[in-house]
Amino acid sequence: MGFTNVHGVPGRVGNAARGALIDGRTAAQALRAETAELVAGMLAAGTRAPALATILVGEDPASSVYVSAKHRACEQVGIRSIDQRLGKDIEAQRLAQSIQALNDDETVDGILLQLPLPKGLDAATLVGLIDVRKDVDGLTTANTGLLWQQNPALAPCTPLGVIELLDRAGVELAGREAVVVGRSSLVGRPLAAMLLARDATVTVCHRHTRRLASVCRRADVLIVACGIPHLIGVDHVKPGAVVIDVGINRTERGILGDVDFDSVRPISAAITPVPGGVGPMTIACLLANTLRAAELRAPSGAAPTIVS
């Protein structure tokens, strides 16, 4: 696959001029369009639209914005959405009952518990109550295990978005050395499993990694998801590497990535911007995961999934 979403560069990464921009907005639009087409096909065949239910606990402004954006995206591709908003003082047992009710609802295909939760609510325990077949965030223990067994049913959306970007940019992973900076259960760890499944040689770095710059400089594909603005500079990047920046850090200087974009871009083969890189892919992959969840729960013969 050639560059379908990289500005100004023909061909594949291996033949690219330096500093190609991997445009996440364009890739996300394409993935949304593919999802909408498949949902329309389901409706034309007499199958109900996939349905996504979100649960937002409390009134965190950022979480409210994220949830609203997810529901707008659902509407745009024909996915039915259910918006549950619960007070910040809700007891864990009552929240568990809400999750179970959605598990039992056969018209709901995906369930997303918006994180973070208010203090006093254990996120891991409550996420673990979500039906594995409806876990569109891919965070349950069962889906994590399936991912590491190279048999994922539903993979986490942000790592899935990274892999989609690499695929759509024509980046070959088999036999390449990939370095992931960050080991969170949301991004770094599942991403390492996905890269291994693509036959990359994977190193995961974290706060205790010694000589971080020299480890990063080994990477053909460097993916950074640590939440530290501009941690990665030119000294961390091998010339000709592909650099994927997952970081979104709100600072006095505006939104910054984990990579110092201006210094790294000239020596990279291709790089994602922040904003406009991985970020748009997360919701696009949530929509695709909701469609995938509907397929998993449907009788045999459902339309093929668009992400793997």
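**Figure 1. Lining of the largest cavity.** Strand β5 (residues 110-113) supplies three residues, the largest share of the lining of the largest cavity. Strands (E, at least two residues) and helices (H or I, at least four) are DSSP runs, numbered from the N terminus. The model is predicted: local features need pLDDT of at least 70, side-chain atom pairs count only at pLDDT 80 or more, and totals for chains, interfaces and linings use all residues. Residues are numbered from 1 along each chain as its sequence is written, and side-chain values use heavy atoms, with hydrogens and water left out. The structure holds one cavity of 30 Å³ or more, and the largest cavity has a volume of about 40 Å³. A cavity is a set of points, on a 1 Å grid over the protein atoms alone, where a 1.4 Å probe fits but cannot get out; lining residues have an atom within 4 Å of a point. Grid points are joined across faces, edges and corners, and a volume is the space filled by probe spheres set on the points. The lining consists of I111, L112, L113, L115, V127, I130, D135, D137 and L139. By class it has seven nonpolar, no polar and two charged residues. Here Ala, Val, Leu, Ile, Met, Phe, Trp, Tyr, Cys and Pro count as nonpolar, Asp, Glu, Lys and Arg as charged, and the others, Gly among them, as polar.

**Figure 2. The second largest pocket.** Of its 18 lining residues, V127, L139, T140, T144 and S185 are the closest to the centre. A pocket is an open set of grid points with protein on both sides within 12 Å along at least five of seven lines. Two or more lining residues come from each of α4 (123-127), α5 (141-148) and α7 (188-197). The most, five residues, come from α5. The lining has 10 nonpolar, seven polar and one charged residues.

Figure 3. N249 lies in strand β10 (residues 249-251). With a relative accessible area of 9%, N249 is buried (buried means under 20%, exposed over 50%, with a 1.4 Å probe and protein chains only). The side chains of N249 and D258 are joined by a polar contact of 2.9 Å. Such a contact is a pair of N or O atoms within 3.5 Å; within protein, one must be able to donate a hydrogen and the other to accept it, and residues adjacent in sequence count only if both atoms are side-chain atoms. Beyond four places in sequence, N249 is in contact (heavy atoms within 4.5 Å) with residues including G227, P229, I255 and D258.

**Figure 4. Nonpolar cores.** The largest nonpolar core has 54 residues, and L166, L195, I223 and I244 have the most contacts inside it. Helix α10 (residues 279-297) gives this core nine residues, the most of any element. A nonpolar core is a set of buried Ala, Val, Leu, Ile, Met, Phe, Trp, Tyr and Cys residues joined through side-chain atoms within 4.5 Å. A second, separate core of 17 residues includes C205, V215, I232 and V264.

**Figure 5. Backbone geometry in loops.** The peptide bond from L115 to P116 is cis, with omega near 5 degrees; P116 sits in the loop between β5 and α4. The bond from V274 to P275 is also cis, with omega near -5 degrees. Q150, not a glycine, has a positive phi of about 60 degrees and is exposed, with a relative accessible area of 57%.
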